[in-house]
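I opened my notebook today to get to know a new structure. Here is what I looked up, in the order I went through it.

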Amino acid sequence: MIGQRDNDSGAHFAFTDRWGGVSAAPYEELNLGGAVGDDREAVLRNRELAAGALGLEASGVVWMHQVHGPDVAVVDGPWASEADIPSVDAIVTARPRLALAVLTADCTPVLLADPVAGVVAAAHAGRPGMIAGVVPAAVGAMTELGADPARIVARTGPAVCGRCYEVPEQMRAEVAAVEPAAYAETSWGTPAVDVTAGVHAQLERLGVRDRRQSPVCTRESHDHFSYRRDKVTGRLAGYVWLD
Ligand SMILES: [Zn+2]
């Protein structure tokens, strides 16, 4: 259910794995994504189960409509209705106990918190979002709310690793021209992109020093959903909040 969790910085960070939910194949078991073809009731039940395991109210978790872009929304409470959910890839709040969530299945989930300023962010960084700068945009929005990059604690969750994310040579060149740290090669010797490495390089340049990266590669782990491996599959979630 909750594959990774820590709160030693004062902020709560959690990432799910695929087990402990009610979804049927190919979304078994804990699919938290509402736009992947799974039964709606199963997704809502899974969101309740995951929130319960974290000591949260499912109705109080803030989700986003992710579109692989650079846009950020500042929020101070749950969306009033599904129609109000904005098309953004990062959300930021200064409200205590408000949990922000990001959905992924290979893309890099990025959770950020400045426990002193009381500001947190959740961001979805796939290859396009990383290149578009969604993570620096999230840090910028946090800074406007009083956060200091030197105090920001960053966690990236399970994602496809650079040895597994094969891309055409031209695409690797385009990505590396923007973010050299994302240049990678697959374990079978072809061009690849390491999105998580790119995200960490971006955070390092912004002065975010307290960074941890999940050791899990979603494509290699059968305890995690992987779009590149399975195509039709569920979504994992990352959650961040402050007391
Ligand atoms: Zn891998």
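In which sense do S5 and S8 pair, and over how many bridges? I found that S5 and S8 run antiparallel and are joined by four bridges. I also picked out one residue pair here: Thr 93 has Val 120 in S8 as its bridge partner. A reminder to myself: this is a predicted model.

**Entry: the open sheet**

I then traced the sheet around this pair. It is an open sheet of six strands in the order S4-S5-S8-S7-S9-S12, and the pairing is mixed. S4 and S12 stand at the edges with a single partner strand each, so one side of each has no neighbour in the sheet.

H3 does, touching S4, S5, S7 and S8, and its direction makes about 165° with that of S8. H5 packs on the sheet as well, touching S7, S8, S9 and S12, with its direction at about 175° to that of S12.

**Entry: helix H3**

I stayed with H3, residues 134–144, and listed its buried residues: Val 134, Val 135, Ala 138, Val 139, Ala 141 and Met 142. Why do they sit on the same side of H3? They cover an arc of only 160° around the axis, which puts them there together. I noted the general rule beside this: an α-helix has 3.6 residues a turn, so residues three or four places apart point the same way. The partners of these buried residues include strand S4 (72–74), strand S5 (90–93), helix H2 (127–132) and helix H5 (195–205). Just after H3, I came across Gly 146, which takes a positive phi of about 110°.

**Entry: the zinc ion**

Which residues coordinate the zinc ion? I wrote down Cys 161 (SG), Cys 164 (SG), Cys 217 (SG) and Glu 220 (OE), at 2.0 to 2.3 Å. The four donor atoms subtend angles of 101 to 116° around the zinc ion, which makes the arrangement tetrahedral. Along the sequence, the donor residues follow the spacing C-x2-C-x52-C-x2-E. Cys 161 lies in the loop between S9 and H4, while Cys 217 lies in the loop between S12 and H6, so I see distant parts of the chain linked, 56 residues apart. Cys 161 is buried, with a relative accessible area of 12%, and Cys 217 is buried too, at 7%.

**Entry: Ser 226**

In the loop between S12 and H6 I also found Ser 226. Is Ser 226 buried or exposed? Ser 226 is buried, since its relative accessible area is 0%. Setting aside residues up to four places away in sequence, I found Ser 226 touching Ala 105, Asp 106, Thr 218, Arg 219, Lys 231 and Thr 233.

**Entry: strand S13**

My last stop was S13, residues 236–242. Seven of its seven residues are buried, so S13 is largely enclosed by the rest of the structure. Leu 236, Gly 238, Val 240 and Leu 242 point one way from the strand, and Ala 237, Tyr 239 and Trp 241 point the other way. Strand S2 (residues 11–16) runs antiparallel to S13 and is joined to it by five bridges, with Phe 13 partnered by Val 240. Strand S6 (residues 99–104) also pairs with S13 in the antiparallel sense over five bridges, and there Ala 101 stands opposite Tyr 239.

Technical notes
Residues numbered from 1 in each chain as written. Predicted model: local features only at pLDDT ≥ 70, side-chain atom pairs only at ≥ 80, totals over all residues. Heavy atoms only, no water. Donors = N, O, S within 2.8 Å, 3.2 Å for Na, K, Ca; no water. Tetrahedral: all angles 85-135°; square planar, octahedral: opposite > 155°, others 65-115°. Helix = DSSP H or I, 4+ residues; strand = E, 2+ residues; numbered from the N terminus. Buried < 20%, exposed > 50% of the residue type's maximum accessible area, 1.4 Å probe, protein only. Arc of directions from axis to C-beta. Contact = heavy atoms within 4.5 Å. Pairing = 2+ DSSP bridges. Axes fitted to C-alpha atoms, helices over the stretch in contact; angles between N-to-C directions.
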